[in-house]
Every structure is written in C-alpha cells, then in structure tokens.
Amino acid sequence: MTGKLSFDDLKSRVTEGTIDTVLVCFADMQGRLMGKRFHAVNFVETSFAETHCCNYLLATDLEMATPDGYAATSWRSGYGDYVMKPDLDTIRLTPWLDGTAMVLCDVLDHHTHDAVPHSPRAMLQKQVARLETMGLTPMMATELEFFLFEKSFDAIRKDGFRDLEPISGYNEDYHILQTTKEEGIMRPIRNHLFGAGIPIENSKGEAEAGQEEINIRYSPAMDCADYHTIAKNGIKEIAWMHGHAATFLPKWHHDRVGSSSHVHQSLWRDGEPAFYDADDDLGMSDLMRHYMAGLIAYAPDYTFFLAPYINSYKRFAKGTFAPTKTVWSVDNRTAGFRLCGEATRGVRVECRIGGSDLNPYLAQAAMLAAGIKGIEDKMELAPPTRGDVYEDAKASDIPRTLRAATETLRGSAMLRAAMGDDVVDHYTRCAEWEQEEFDRVVTDWEIARGFERA
Ligand code: ADP
C-alpha cells in the first residue's frame, strides 16, 4: 500500500532530499506517541539501530508526573534509560508533515535488550505469539470516534475548557449534508492517513453534534494497534493545523453522547476465518463460541484496559449506545458484545465497552488473553440476549467506576497468568494513581452544589 516505506526506500528519499525528518516513536501507557524527531541523515546512518529515552515514560500519567509505587522505575532507581529499537517494518510517510517519515519502536531494557514487559507493544506481541503457537492469527479493527470543536486546543485551554462549541449544531449520525460542511478537515484526515499506509475505509458523522467516526480496515492485531495509534495522533495534528481541536475524551459533557472505540475481533487459521462454521445457524464455530465465552466472562477483569480514566466511566449510561452489561447479542447495539457478520465468512465479535480513550495495544492484549482462556478451558457460551439489554436485570454489569475496575484488575488470576504479575501490578498502580489524583481535587460540581447550601 502507498505510504509504507522499506528502509531502502527511506534511504533513497533521504538521498534525494525529499525526506529530512524521521519521527522515532513508541506508544506509551496512555497510547500516545512519545519519541524524538531525528534528522533523516542521522537516522539512516546510525540511529536506525537504536536510540534511548528516560524510563519514566512507561511510568507516568497524562500530566507527565513521576508517581511513586512502580517497581519498574522510581526516583530511588534514578530513572535510567530504555532502548528504543526502531521496527523497520513500520517506516511510513506522514504526508501531513512536510518532508517527514515515522517509525515505531519496541522498548527494550537498557542492559539486557529484552523487551520491557509492561510496554504496550510487547504486551500485545506476547498474546499474539500465544495464538501463533495455536496456529491462529487475530484479525482486529478498532473504530475511532472523536469530537471536533470550533476552536483550537490552545484557544480552548486559554478559555479554561469552558463554553466548548462542537463544530456542528446538531446530531450528525450518517448525515451527508453536515459532514460535507466538515470536509475541509475530514478529507485531509482520510487522505493523509491513507497516504501514511493506513487502510482507511471511511469516515461518517456520529450520533451527536460534532462527533465523527473513522473506520480502518481490519488487519493483524499489531498492525491494527499501530494504525489506531498513528491515526489518533494524526487526527489531532491535522485538526490543529486547521485551527480546530479533536478530542478523544470519552465524555466531554454529561448531556452529550460519549465516544467509544469498538473492537472487532476474529481469529484466522491459514488465511481462512476460524470463527466461521457454515453448518451453524449463526455461522459461529466452536472456537468462536469458546473465545467469546472467555471474552465475556473476564470482561470485568480487563475493563480498566478499555476504560482507563475517571472520565471513561461517565460514558457508561443507559440509552446512549454505550453498554453497561457483559452479555452478547446478535446485531443489537445495547449489549457489551455484538455478533456482526453472522452466517458469513466475516462473522466476528464487536466489543462495545471500550471508550475512545483506550490504548489499543493494551485493550487488544487483554481481550485476546481472555479469549485464549476461553479456548483453553473450552468455556461454554450462554445463549444470546435479546431486546433492550439496558433493562435486563439478570445480565451482569461491567465495573461502573475506576475504583471497581482497579480491584477486578488487581485480583485477576487470568490476566496475571497471561501477562505476568509484574505487568498486572504495574497497571494496577497506574489505575490507583489516576484515582488518587482525582480524589485529591475539588471539582466545580461540588462547589456549585454545596458552596451556599451545604
Ligand atoms: P459497524 O456497523 O460497526 O460500523 P462495519 O461493517 O462498518 O461495522 O465494520 C466495522 C469494522 O469491522 C471495520 O473496521 C471492518 O474492517 C471490520 N471487520 C470486517 N470484517 C472483520 C473481521 N472478519 N474481523 C475483524 N474485523 C472485521
């Protein structure tokens, strides 16, 4: 596909002078791109082998704080270095930035050069490798929903994040007229990401004023997570270049619908869909049923990886298309898990729990781990639910707060076995820290409610 470059292609472009900058990046715990901007000549001559970064980058928060309590790094250990090892199979153009290419890195231990176990790419790689030993390839797609705003990030920050105006005046779900008005931003987003080698399928208006969705063609899990991460960063950059802001905060206003990131999942064997069984009414193989049983049973264990912030939990509200229950159904958008493409080779499960703030490496790693457990234990899938699942009192709930999801993560024997105790402890600390930070802040809501009347 256009946009992907081999290392030799990159070298030729650097010699021709059409590329002068290489972004050397990795995905952090929050799913952001972190790294350095290299002069392209330096990159192709030496730094392609490796570069370095401070190891606090995988033990920080959105504010770049240095929280205590991480075993992997600390002030006491001196916050040393990690190796950033460019994965030369990920070199691509970034057409929205002049003369620039990008490469993604794996994060390695400075001394042993082993993968850092809690680095998001390594965590996903580990689960993909487990499936590989079973002869299976996970094919995944993560949808990206976000809101566009009238003003830029900087203007909004200077205004104290108040009086936010989405770019459109009304619910634009599937609207052509309103989305035509946004083509000045959305067309460059689609085309620039496509030009970066990301197989964009389409964009559409979503079910709220100013809300957008981008769909990317399904692909092997690591590609899917790389695409998502680059696309999210690119969308913010392209919106910023046009003087607007794009937010992936799952719930920017309590009266507005939230943004999700649904994850479509299927397993393949030898290039054939292993979830498909032509003899089954719904086209579901036994393998798919076991995978889904694990996915559903362990949803509380991995909810943190789908909803990592305080704000993430504000999205889980009845009647908003954001699910609250860990059940499955056939083409029904009120359940946490929706069967799509039933009775076809495209049969797959869509997890609808994740918010637009999820880190796609972590979310996929955790869900694959749950699915693998379902397959290993030949877990049995309950029958599908029907109707309005929000009102189904028998269906179990997903954890409704970050505090609850932290405890289900901490106590997950499944994730501990699949990912390692050190990794689960690391992310449990990450979750605790987010809660601690929120708990010490006095919010506008408390002041307005209680200042006079309490
Ligand atoms: P929706 O109605 O949820 O928007 P779409 O038909 O647009 O559903 O598909 C959503 C996503 O599912 C797309 O990104 C598509 O590439 C992906 N998809 C299609 N087939 C599969 C599959 N077999 N496995 C995983 N993802 C798939």
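On a 1 Å grid over the protein atoms alone, a pocket is an open set of points with protein on both sides within 12 Å along at least five of seven lines, whereas a cavity is a set of points where a 1.4 Å probe fits but cannot get out. Residues with an atom within 4 Å of a point count as lining. Grid points are joined across faces, edges and corners, and a volume is the space filled by probe spheres set on the points.

A word on the model before we step inside. This structure is predicted, with local features needing pLDDT of at least 70 and side-chain atom pairs counting only at pLDDT 80 or more, while totals for chains, interfaces and linings use all residues. Residues are numbered from 1 along each chain as its sequence is written, and side-chain values use heavy atoms, with hydrogens and water left out.

The largest pocket has a volume of about 2700 Å³. Its lining is made of 50 residues, and those nearest the centre are Leu-62, Phe-161, Leu-249, Lys-251 and Asn-311. Helix H4 (153-158), helix H7 (221-241), strand S12 (245-247), helix H13 (421-439) and helix H14 (444-450) each give two or more residues to this lining. Here helices (H or I, at least four residues) and strands (E, at least two) are DSSP runs, numbered from the N terminus. H7 provides the largest share, seven residues. Sorted by class, the lining of the largest pocket has 21 nonpolar, eleven polar and 18 charged residues. In this sorting, Ala, Val, Leu, Ile, Met, Phe, Trp, Tyr, Cys and Pro count as nonpolar, Asp, Glu, Lys and Arg as charged, and the others, Gly among them, as polar.

The second largest pocket holds about 720 Å³ of space. Of the 37 residues that line this pocket, Glu-143, Glu-213, His-264, Arg-338 and Glu-350 lie nearest its centre. The elements giving two or more residues are strand S7 (137-142), strand S9 (200-205), strand S10 (211-216), strand S13 (263-269) and strand S17 (348-351). By class, the lining of the second largest pocket divides into twelve nonpolar, eleven polar and 14 charged residues.

The largest cavity has a volume of about 160 Å³, and among its 18 lining residues, Met-29, Gln-30, Phe-304, Pro-308 and Cys-430 are the closest to its centre. Both H9 and H13 supply at least two residues of this lining, with H13 giving the most, five residues. The lining of the largest cavity has twelve nonpolar, three polar and three charged residues.

The second largest cavity has a volume of about 30 Å³. Around this cavity sit Met-140, Ala-141, Thr-142, Ile-216, Arg-217, Tyr-218, Ser-219, Cys-224 and Tyr-227. S7 and H7 are the elements that give two or more residues, and S7 has the largest share with three residues. Six nonpolar, two polar and one charged residues make up the lining of the second largest cavity.

H9 also takes part in a helix pair. Two packed helices are described by the angle between their axes and the distance between the axes. The axes of helix H8 (residues 286-297) and helix H9 (residues 299-306) come within 6 Å and cross at roughly 75°. H8 is therefore roughly perpendicular to H9, a label used for angles of 65 to 115 degrees. Axes are lines fitted to C-alpha atoms, for helices over the stretch in contact, and angles run from 0 to 180 degrees between N-to-C directions. Leu-295, Ile-296 and Ala-297 in H8 meet Ala-299, Pro-300 and Tyr-302 in H9, where contact means heavy atoms within 4.5 Å. This contact has six nonpolar, no polar and no charged residues.

Ala-196 is found in the loop between helix H6 (183-195) and S9. Ala-196 counts as buried because its relative accessibility is 0%; buried means under 20% relative accessible area (1.4 Å probe, protein chains only). Leaving aside residues up to four places away in sequence, Ala-196 touches Thr-2, Gly-3, Arg-92, Leu-93, Pro-95 and Trp-96.

Thr-179 is found in helix H5 (residues 176-181) and is buried, with a relative accessible area of 16%. Not counting residues up to four places away in sequence, Thr-179 touches Glu-172, Lys-204 and Gly-205.

Methods: Parallel < 35°, antiparallel > 145°, perpendicular 65-115°, else oblique. Buried < 20%, exposed > 50% of the residue type's maximum accessible area, 1.4 Å probe, protein only.
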